[in-house]
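Please read this briefing alongside the sequence and the coordinates. The points are grouped by topic, so that each can be checked in the viewer.

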Amino acid sequence: MLVLSLAVSGTGNCATVAGTPYVYARTELGSFVLPARCPHRGGPLHLAAFEPGRARLVCPWHERATSVSRSLKAGIPAVRRGEVVTVVFPHDADAAYQVEHLPLSAELSRA
Amino acid sequence: MSHAPAPYEPYALSPEELQAAVVRYASNPIYLDNEEWVNDDNPYRRQLRPQVAKYLNFSRVLPKDEILTYESLAAQRLLTSIYDADLVFLPKADLAEKWDDFRQFYSPGNRALGEIIRPGLEKFAFGFLDDEVEVSGKWTKDSLVEFLRALQDRDLSVPTASESAIEKSADPQRAARMWLIQFAPDFLSEASPMIRNVLGYYGEAQSDWFKIIIDEYGYGVHDTKHSRLFERTLESVGLRSDVHHYWQYYLTSSLLMNNYFHYLGKNHELFFRYLGALYYTETTLVDFCRRTADLLGRVFDDQADVTYFTEHVHIDTHHGRMALEKLIIPLVETYGDVVIPEIVRGYEEFQLISEIADQDFAAQIEWMDAGPQYKVLHAPVWAAIESGKVTAPIAHLVEPRGELSNTHCHDGDELCHIVSGTMKFVSGFGSHQILEAGQGTVIRKNRLHGAIIESDECIYQIHSVEDYRKCLS
């Protein structure tokens, strides 16, 4: 497994592992590691908003909904300490990765 | 007649009840202000400044950015006394002279009052961790082990801010003594919080944890007991080793560090959190103790007895491994993934607390070293006040010779201005400035300090300027 520490927000808040970018989302329902690309056509899930009244994120491209409940219960294990989050990715420990910045929507960056 | 049970009401004190109980607890004669800077071989005397307690609000969760305020210091001093009452402390000698204090400290009344206020104080003092540490996702044994083992890959050889502060200090020996004093609440009763976890029954892991404690207790050979090793370290650099001799010199965060383990050990619903914190501390202590032994050797020209630290370089290699392989993994295998988030949380919480303590100590050394500069800064800050450029709340004080203002800190910068007389202003162990009429000093926010009057009378003012730099512009 690959253990990485990322910034919760700002520079270094996104790790791209095996081609998939991940960010740490802090929402009103709880926090979780979010694949930043929509599984439909790769839309920017890091800019998604909640579907009104439901625990689902809506991709800004084609409005595909992604369950937040599943991410909270069965998502990638992570722990936040202040402004740093440590994530245990299911990839091999020697997997290539890149750390960069991705902006987050307001609903994914609640303190 | 109804046999329906009364509805269960969880224990909680109202803000007023908590405040009244804190004042009542702290007003015990053994907790009153001291006339000396140190306690003389009397482990029951702890200065809790009860005269201030009625102005403090413990009925909230202290946010992280207020963790070094006076309310926090007061809460940590109270909690230290409450936790310590579970342990046996005897003076090195002359118990007969301290018999009343001994009886009072361990009296049912003192202990009961402490227990009444403990939950409220713990929520106040440790509640910030609920906001600062957050565990998410689905953890398994494998992901936990990978997470914990990653600590071993980290470069732990880098000196902490505290170590750097000592190295760079204007007086490294004074700074190192202040540092050793900070460890005394923990190391002189070493492993006592941990022992809280080996009472009761929970199978094989209990016996494995006991093995760690056996090491800490030197296998029953007193000269190898870790607390005895630390006593020798203190004594080798000219410090006293009686319990809480230097009570007034403990920083807020030093008490926070020590109390954190008591908090986890006392509240058994946090048992698994303790395991994570244990793994973090045992694993990081190996490099920390290696660096510390080297640092003390340099600072004290190889005159410091560093056996305490060299012993931990060796034994904590085993303790980190034992914590993982003999405690954490077997308990997760027995009880399942439900316990993992707590283990992860304890690991991160103690890391956070360690960082707070490291920064706090480094800041205190900077404050102690800069005493002469803060005395010089009195002139421009006083000029700004005198000219009316700055207005700030003022306290006027008149105190007689020998009046000792027991150590405390303020939540904003203040200016101490001497109107008449002489004050010895103390900013840490072995660190002071003499202030005469017309002189004074800037007192930095959150920095521990105290004072004693050295003239027949001293009239002085405290101006609460909040940020002294605004007085300079």
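The model is predicted. In chain A, an open sheet of four strands has the order β4-β3-β2-β10 with antiparallel pairing, while the contact between the chains draws on 19 residues of chain A and 17 residues of chain B. Chain B is assigned domain 1 (15-126), domain 2 (134-366) and domain 3 (372-471).

**The open sheet of chain A**

- Within the order β4-β3-β2-β10 of chain A, the edge positions belong to β4 (30-35) and β10 (97-100), and because each of these has a single partner strand, one side of each is left without a neighbour in the sheet.
- Neighbouring strands of this sheet are turned against each other by 25° on average, with direction ignored.
- Strand β2 (residues 14-17) of chain A is joined to β10(A) by four bridges, and the two run antiparallel; A:C14 stands opposite A:E100 in β10(A), and A:A15 has A:V99 as its bridge partner there.
- β2(A) is also joined to strand β3 (residues 20-27) of chain A, again antiparallel and through four bridges, and on this side A:A15 stands opposite A:Y22.
- The hairpin of β2(A) and β3(A) has two residues between the strands, and A:A18 takes a positive phi near 50° in that hairpin.

**Domains and a hairpin in chain B**

- The centres of domain 1 and domain 3 of chain B, taken over C-alpha atoms, are separated by 27 Å.
- Nine residues of domain 1 of chain B are in contact with eight residues of domain 3 of chain B, and the side belonging to domain 1 has three nonpolar, three polar and three charged residues.
- Strand β5 (residues 423-428) of chain B runs antiparallel to strand β6 (residues 431-435) of chain B and is joined to it by five bridges, one pair of bridge partners being B:V426 and B:H432.
- β5(B) and β6(B) form a hairpin with two residues between them, and B:G430 in the turn has a positive phi of about 75°.

**Positive phi in two loops**

- A:E63, in the loop between β6 (56-58) and β7 (65-67) of chain A, has a phi near 60°, a positive value in a residue other than glycine.
- A:E63 counts as exposed because it has 12 C-beta neighbours inside 10 Å.
- B:A191, in the loop between α9 (172-187) and α10 (192-195) of chain B, has a phi near 75°, which is likewise positive in a residue other than glycine.
- B:A191 is buried, because 20 other C-beta atoms lie within 10 Å.

Note on methods. Residues are numbered from 1 along each chain as its sequence is written. Chains are lettered from A and ligands numbered from 1 in the order in which they are written. This is a predicted model: local features need pLDDT of at least 70, side-chain atom pairs count only at pLDDT 80 or more; totals for chains, interfaces and linings use all residues. Two strands pair if DSSP finds at least two bridges between them. Axes are lines fitted to C-alpha atoms, for helices over the stretch in contact, and angles run from 0 to 180 degrees between N-to-C directions. Domain bounds come from an automatic or database domain assignment. Two residues are in contact if their C-beta atoms, placed from the backbone, lie within 7 Å. Ala, Val, Leu, Ile, Met, Phe, Trp, Tyr, Cys and Pro count as nonpolar, Asp, Glu, Lys and Arg as charged, and the others, Gly among them, as polar.
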